Number of protein chains: 2
Amino acid sequence: MHFTSEQRLDDNVLEREFTLGEIPGILWTPASASASAPAPLILLGHPPLGLRRMHPRLVGRALHAAADGFATATIELPGSGDRPRRPAVEQARADMQRAMKADEPVSDEIIDALVLPLVDEAVPEWQAALDALLAMPGIDGPVGYSGGVMSIGIRLAVVEPRISAAVLFAGSLVPRTMFEEARRVTIPLHVLLQWDDEGNDRQTALDLFDAFGSEEKTLNANMGGHTGVPQFAGEAADRFFVRHLK
Amino acid sequence: MHFTSEQRLDDNVLEREFTLGEIPGILWTPASASASAPAPLILLGHPPLGLRRMHPRLVGRALHAAADGFATATIELPGSGDRPRRPAVEQARADMQRAMKADEPVSDEIIDALVLPLVDEAVPEWQAALDALLAMPGIDGPVGYSGGVMSIGIRLAVVEPRISAAVLFAGSLVPRTMFEEARRVTIPLHVLLQWDDEGNDRQTALDLFDAFGSEEKTLNANMGGHTGVPQFAGEAADRFFVRHLK
């Protein structure tokens with residue numbers, strides 16, 4: 001992991017861009033974190049729209065988390081931002097957009113082609129980032145995962161034992177095989193659902209919530225569309241992490 | 001309203017039993033409340049099991065609310081505790097228990113006969129209690145309603161303009177006509193749903209949540225049975241009231 005830039009966002013948070021091999025990433029650390037009092041880490045997931053475009057929203061989440069004493073970090077997803085596009089996934093995305101425009105259901109084949117390669121590629125990258133981040137002084141477990149592509153969160157929750165709690169953001173482009181993986185999730189979950197999310201099938205989200213194997217799981221459903229998560233719902237998610245990571 | 005007993009629960013909360021005509025009730029006030037700094041009021045709903053039996057759980061809720069600066073009050077429901085039974089309702093309850101024992105669905109007729117008279121009778125009583133409570137020094141609006149028989153909460157939210165926010169506890173014995181009333185609710189709602197509530201049809205609860213007309217409504221669903229609401233879910237409901245009543 002190589003740091004490429006750093007800036008203070010305010011008196012209390014340091015933002016550092018880094019590269020992990022070819023993968024760009026960002027780390028935010030609260031001033032309170034030190035080698036003798038390391039901060040627990042939250043991995044910030046995001047949709048595959050590129051880190052640069054997601055930056056303002058990620059900074060908002062990082063500042064909130066830092067106020068609770070958490071370090072946060074994120075990396076660019078495969079095929080997003082400046083990372084090379086994958087033709088098969090781009091084809092699936094075009095197929096999806098064509099189906100949506102025609103008001104047709106997005107087929108399971110399209111969803112699988114769009115999401116499964118992303119999950120397969122991204123998850124080991126997030127694990128590698130975790131290796132590098134946890135080796136730093138000032139950062140330590142327990143680790144949370146928050147938001148972004150739901151299937152990445154599910155897979156990480158299943159395969160990565162260092163992640164001990166996750167906030168997931170319900171989205172409907174979930175391959176059917178992820179339901180099986182969901183049953184194997186056992187860590188505490190806090191699932192945000194936007195009840196009137198135009199791009200999200202509500203029943204799929206409810207079925208997926210039902211499928212999770214976790215003994216502690218909360219569904220927090222609120223009004224409004226995909227990007228309209230109310231501030232109080234974000235705060236409830238913050239408190240979920242405080243409860244489980246501190 | 002006549003006070004019949006009073007005791008300090010701890011240094012900070014005064015519990016007073018009262019009667020309002022023939023109806024017994026309990027009022028809890030935080031020590032911080034005074035005529036010049038009145039406490040906002042939360043009406044504590046409860047299932048029709050009698051105030052005496054519900055007392056320990058009600059006290060727990062009252063202490064939490066008092067810690068946030070709220071006064072709380074409750075009254076005995078018609079046909080519960082020492083109040084006279086109503087033969088038609090008792091018949092409906094026996095019919096319901098027979099159906100449940102036989103693993104048959106509880107018919108709409110039984111639900112109507114059990115719940116609608118209770119709502120029709122109870123709601124004006126809660127409104128009368130509100131008149132008396134808000135006339136006291138040290139208590140003032142805004143007023144919240146919390147928990148108990150869901151249909152009573154819905155009706156109160158529709159007909160009582162002094163109630164400005166409600167925490168509702170999803171239960172499935174909801175007459176079909178209440179769905180129409182639910183559409184007319186416009187105050188902020190925080191709906192608790194126990195995902196595996198053995199006595200509650202989950203789909204009915206989700207349909208009812210969908211029906212509420214409120215612009216701000218949150219569904220907070222958690223694992224466990226009817227009485228297993230986790231502490232953190234209770235705290236989230238507390239914060240909902242702090243957000244809307246203070």
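Predicted model: local features only at pLDDT ≥ 70, side-chain atom pairs only at ≥ 80, totals over all residues.
In chain B, strand 8 (residues 189–194) and strand 9 pair in the parallel sense over 6 bridges. Pairing here calls for at least two bridges found by DSSP between the two strands, and the elements themselves are DSSP runs numbered from the N terminus, with helices being H or I of at least four residues and strands being E of at least two. Residues are numbered from 1 along each chain as its sequence is written, and chains are lettered from A and ligands numbered from 1 in the order in which they are written.

Let's stay with that pair of strands in chain B. Within it, B:Leu193 stands opposite B:Ala221 of strand 9. To get from strand 8 to strand 9 of chain B, the chain passes through helix 6 (residues 202–211), and this β-α-β crossover is right-handed. The term means that, with the strands pointing away from the viewer, the path from the first strand over the helix to the second runs clockwise.

Strand 9 of chain B also has a partner in the other chain. It runs antiparallel to strand 9 of chain A, and 5 bridges join the two. You can pick out the partners by eye: A:Leu219 has B:Ala221 as its bridge partner, and A:Ala221 stands opposite B:Leu219.

How many of the 6 residues of strand 9 of chain B are buried? The count is 6 of the 6, so the strand is largely enclosed by the rest of the structure. A residue is called buried if 20 or more other C-beta atoms lie within 10 Å of its own, exposed if 12 or fewer do, and partly exposed in between, with C-beta atoms placed from the backbone. Both faces of the strand are covered, with B:Lys217, B:Leu219 and B:Ala221 buried on one side and B:Thr218, B:Asn220 and B:Asn222 buried on the other.

Now step back to the interface. In total, 13 residues of chain A are in contact with 13 residues of chain B, where contact means that the C-beta atoms, placed from the backbone, lie within 7 Å. On the side of chain A that touches chain B, strand 9 (217–222) and helix 7 (231–245) each supply at least two residues. Strand 9 of chain A gives the largest share, 6 residues. By class, this side of chain A has 6 nonpolar, 3 polar and 4 charged residues. Here Ala, Val, Leu, Ile, Met, Phe, Trp, Tyr, Cys and Pro count as nonpolar, Asp, Glu, Lys and Arg as charged, and the others, Gly among them, as polar.

How do the two chains relate to each other? In general, two copies of a chain are related by a rotation about an axis and a shift along it. Chain A can be laid on chain B with an RMSD of 0.0 Å by a turn of 180° and a shift of 0.0 Å along the axis. The two copies are thus related as by a two-fold rotation axis. In chain A, the C-alpha nearest that axis belongs to A:Asn220, at 2.4 Å from it. The superposition is by least squares on the C-alpha atoms of residues with pLDDT of at least 70 in both copies. As for the interface, 100% of the interface residues of chain A are also interface residues in chain B, so the copies meet through the same surface.

A few backbone details deserve a look. Most residues other than glycine have a negative phi, and most peptide bonds are trans. The peptide bond from A:Gly141 to A:Pro142 is cis, with omega near -5°, and A:Pro142 lies in strand 6 (residues 139–146) of chain A. In chain B, a cis peptide bond joins B:Gly141 and B:Pro142, with omega about 0°.

Turning to phi, A:Asp103 has a positive value of about 60° although it is not a glycine. A:Asp103 sits in the loop between helix 2 (87–101) and helix 3 (108–134) of chain A, and it is exposed, with 6 other C-beta atoms within 10 Å. In chain B, helix 2 is followed by B:Asp103, whose phi is positive, near 60°. Helix 2 of chain B is hardly covered, with 1 buried residue among its 15.

Notes: Contact = placed C-beta atoms within 7 Å.
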